[in-house]
Amino acid sequence: MTRRVALITGASSGIGAEFARQLAGRGYDLVLSARRTERLAELGAQLEASRGVRCESLTADLSEETGIASVESRLRSGGIDLLVNNAGFGIGSEFSDANLDGQQAMVSVHVVAPMRLMHAALPSMLERGSGGVINVASLAAFVSLPGNASYSATKAYLMRLSRSVHFEVRGRGVTVQALCPGFTVSEFHDSQARAAQAPRPPRFLMGPASAVVRDSLRAFESGASLCVPGWINKVAYWTAKLGVADAVIPHIVR
């Protein structure tokens, strides 16, 4: 029996690594992609030993054309049942003060890369009538976020692209999900806090990556185009949908 295969970007830590663990637990073989080769090799070896799955490492920096092209090529070669576009980062500074190279890199990682990788993955999935894509967006997609303007803007693009494409393909056996977590326990907030010289979010607002991924995979199996994991995040989501967040956040976030 042919095993399913998942390709995960940003797989070396955080939500990406947790997707790898949980998908391995479900019997998926894995293609793990990120910038940190040693981290990928270590995670792959752990999962091969503990779960009996096959893991392939693909080192790629999705802020660069060569990195996107290498993952694109792997997807076009076929055999991928699930693509998880998880790679991402935050900057945490006012737009006018931010380094333009960093802003462009964010657009590449959050917009260009997932768009191109999804475009590369979908044809073979649609041909066989199964599979799908999980694009890790953010609750920030639903609000205006001073101090991280490009982050909220790029995640809004990714959320809208995911849901629109889902409605294009949903009758053909393929699911595209926009996963929109809030604060999650991972290296993401540590690195952003260091870059912005700001405190990390309060611990009580941060959910575990394991719960985020569990909710995402459950929603994916049900064919949902949007997953907002955790009750705190659902409250925040509806606050944003009702327009309350955009009325309040610009006055308290600097």
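**Briefing: cysteines, cores and a surface patch**

Cys227 is buried, with a relative accessible area of 6%, and its sulfur lies 8.3 Å from the closest cysteine sulfur, that of Cys180, which is too far for a bond. The structure described here is a predicted model, and a search through the whole of it finds 0 disulfides. The points below take up the cysteines, then the interior, then a part of the surface.

**Cysteines**
- A disulfide is a covalent bond between the sulfur atoms of two cysteines.
- Cys55 counts as buried because its relative accessible area is 18%, which is under the 20% limit used for that class.

**Nonpolar cores**
- The largest nonpolar core has 30 residues, and those that touch the most other members are Ile8, Phe19, Leu23, Leu30 and Leu32.
- At least two residues of this core come from each of strands E1 (5–9), E2 (29–34), E4 (82–85) and E5 (132–136), and likewise from each of helices H1 (14–25), H2 (37–51) and H7 (209–221).
- Apart from this core lies another, made of 27 residues, among them Val31, Val109, Met125 and Val174.
- When neighbours within four places in sequence are left aside, Phe19 is in contact with Ile8, Val84, Ile134, Val136, Leu179, Val213, Ser216 and Leu217.

**Surface patch**
- Trp231, Ile232 and Val235 make a nonpolar surface patch of about 330 Å².
- Val235, one of the residues of that patch, is found in helix H8, which covers residues 231–241.
- Because its relative accessibility is 47%, Val235 counts as partly exposed.

How values were computed
Residues are numbered from 1 along each chain as its sequence is written. This is a predicted model: local features need pLDDT of at least 70, side-chain atom pairs count only at pLDDT 80 or more; totals for chains, interfaces and linings use all residues. Side-chain values use heavy atoms; hydrogens and water are left out. Patches are made of residues with over 30% relative accessible area and no salt bridge: like charges are joined within 9 Å, nonpolar side chains (Val, Leu, Ile, Met, Phe, Trp, Tyr) within 5 Å. Accessible areas come from the Shrake-Rupley method with a 1.4 Å probe; for residues, only the protein chains shown count as cover. A salt bridge is a side-chain nitrogen of Lys or Arg within 4 Å of a carboxyl oxygen of Asp or Glu. Helices (H or I, at least four residues) and strands (E, at least two) are DSSP runs, numbered from the N terminus. Buried means under 20% relative accessible area, exposed over 50%, partly exposed in between (1.4 Å probe, protein chains only). A nonpolar core is a set of buried Ala, Val, Leu, Ile, Met, Phe, Trp, Tyr and Cys residues joined through side-chain atoms within 4.5 Å. Contact means heavy atoms within 4.5 Å. A disulfide is a pair of cysteine sulfur atoms within 2.5 Å.
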